[in-house]
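Subject: Structure handover and notes

Dear colleague,

I am passing on the structure that we spoke about, and my notes on it follow below. Please read them with the model open beside you.

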Amino acid sequence: MKKVLTALAVLFSISAFAQIGEKNFIDKNYIEVTGTSEIEIIPDKIYIQVVLAEKDSKNKNALSVQEKQMLQKLQELGIDTKKDVLIKDLTSNLKTGFLSKDILLNKQYQIIVKDGKTAGQVFLALEEIGISNASIEKLESSKIEEYRQEAKIKAIQAAKEKASLLCNTIGQKAGRALYIQEQEIMARPIYANTVMYAARAKEAADAADLNFESLKVEARVLCRFEIL
């Protein structure tokens, strides 16, 4: 028992000596700076929303015909309809007429394409088969996590460069980092101006290429560097 108590006492003494002997970073001379970075990305995931609806109860096959035509057109454009075409919603509405009651169907699709040229071709193809209820839902990047990491690295590098510049101005140097805090990492998907992009596609030639706004990834870090 005495041996255990002795060991604990020695351990406590060593710990106390370390705390006294080594200054807390708050007691050291340091410079505090904020580093920021912004990366612009060309979106490679463009979400197109398409709604097919039964407008005429006399033609019960209208929706299925349009659906078949749409899928065929998309395949001709090289789009994988099993992977990149999804049914987001399927609804039915009861329409009451003077002589009968009909159930009209609505189908909402999501089509994912990789570039503005393909997106423009999709709009033109839909227009050719009489589908006008189409819009661009949002833009994303498939490598967003990689860009987030890159933005963090650039923000820290920017902080070190800023600290070095300020310290060199007064004849000193920025040493090792004493404190790093990630303040903000933003990756903003763009919810597109669907009316504008749809109009561009309809007015363009067969090789329509829609130029989308770049996505942005922003990073901000707070850093403290020792002044040497």
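Accessible areas here come from the Shrake-Rupley method with a 1.4 Å probe, and for residues only the protein chains shown count as cover. On that basis the accessible surface of the protein comes to about 14800 Å², of which 52% belongs to carbon and sulfur atoms.

Two remarks on the source come before the rest. This is a predicted model, in which local features need pLDDT of at least 70 and side-chain atom pairs count only at pLDDT 80 or more, while totals for chains, interfaces and linings use all residues. Residues are numbered from 1 along each chain as its sequence is written, and side-chain values use heavy atoms, with hydrogens and water left out.

Overall picture

The protein has 5 helices and 7 strands, where helices (H or I, at least four residues) and strands (E, at least two) are DSSP runs numbered from the N terminus. Along the sequence they follow the pattern α-β-β-α-β-β-α-β-α-β-α-β. Of the 228 residues, 32% are buried, a term that means under 20% relative accessible area, with exposed meaning over 50% and partly exposed in between (1.4 Å probe, protein chains only). Taking contact to mean heavy atoms within 4.5 Å, 82% of the contacts between residues at least 6 apart in sequence join residues at least 24 apart.

Helix α4 and the cysteines

Helix α4 covers residues 144-169 and reaches 38 Å from its first C-alpha to its last, close to the 38 Å expected at 1.5 Å a residue for its 26 residues; the expected span is 1.5 Å times one less than the number of residues. Ala151, Ala155, Ala159, Ala163 and Cys167 are buried in α4. An α-helix has 3.6 residues a turn, so residues three or four places apart point the same way. Just after α4, glycine 171 takes a positive phi of about 75°.

Cysteine 167 counts as buried because its relative accessibility is 1%, and cysteine 223 does so at 0%. The search of the whole structure finds 0 disulfides, a disulfide being a pair of cysteine sulfur atoms within 2.5 Å.

Individual positions

Glutamate 226 belongs to strand β7 (residues 215-227) and is buried, with a relative accessible area of 18%. Leaving aside neighbours within four places in sequence, its contacts include Lys28, Tyr30, Lys173 and Arg176.

Alanine 134 lies in strand β5 (residues 134-140) and is likewise buried, at 13% relative accessibility. With neighbours within four places in sequence set aside, alanine 134 is in contact with Gln49, Val50, Phe123 and Leu126.

Lysine 82 sits in the loop between α2 (62-76) and β3 (85-96), and lysine 82 is exposed, with a relative accessible area of 80%.

Charges over rings

Where a charge is said to sit over a ring, NZ of Lys or CZ of Arg is within 6 Å of the ring centre and within 35 degrees of the ring normal. Lysine 138 lies over the face of tyrosine 47, at 5.1 Å from the ring centre, and arginine 224 over the face of tyrosine 179, at 4.7 Å.
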